[in-house]
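Hi,

Here is the structure I promised to pass on. Have a look at it first, and then read my notes below.

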Amino acid sequence: MQDKMMDAFNAQTRQMFEPMRKINSLMLNNMEKMTQYQLEAMKRYSQMGTERIRSATDVEDAESLRDFGAQQAAMMNELSQQMQEDARVMSEMSLEFKAEMEKLFGEAGKQMADQASSAAKGEQPAKASSQSSRKS
């Protein structure tokens, strides 16, 4: 009888913590994905900056300064487009994460509602036997 109670307790505990485990896993995966993307973006931006510094060291006269200015304008346009793309990708990742979280919370809510209705119907014999054994 005690083995049945322990088995029921273990099953209930697993059932209780399963939604939390799924949410934590989802959050960790999302954090990892977003961090990786941000590191890649930072690398792109730093490479662009390094290229501009190298180009600036090549300025020797008025003509090369004019060329550098033109390249600078083109680079700023490229940087603006890259930042917009990065913002779009991060926004998509956030929306995907939000949808997955909503799905998990919906599943957890349904599971809790099912457990509550089962408890209301008296379908948890392990709890009842546990209480009856204490009364004895």
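Let's start with E92, which is partly exposed at 43% relative accessibility; that label covers values between buried (under 20% relative accessible area) and exposed (over 50%), using a 1.4 Å probe and protein chains only. Before you go further: this is a predicted model, where local features need pLDDT of at least 70, side-chain atom pairs count only at pLDDT 80 or more, and totals for chains, interfaces and linings use all residues. Residues are numbered from 1 along each chain as its sequence is written, and side-chain values use heavy atoms, leaving out hydrogens and water.

So what does E92 do with its side chain? It meets R88 in a salt bridge, at 2.4 Å from N to O (a side-chain nitrogen of Lys or Arg within 4 Å of a carboxyl oxygen of Asp or Glu).

E102 has a relative accessible area of 48%, and K98 has 46%. Shared partners also link E85, R88 and E92 into one salt-bridge network.

Over in helix α1, R21 and E18 are three residues apart, and their side chains form a salt bridge of 2.7 Å, N to O. How many salt bridges are there by this rule? The count is eight.

Cheers

Terms used:
Helix = DSSP H or I, 4+ residues; strand = E, 2+ residues; numbered from the N terminus.
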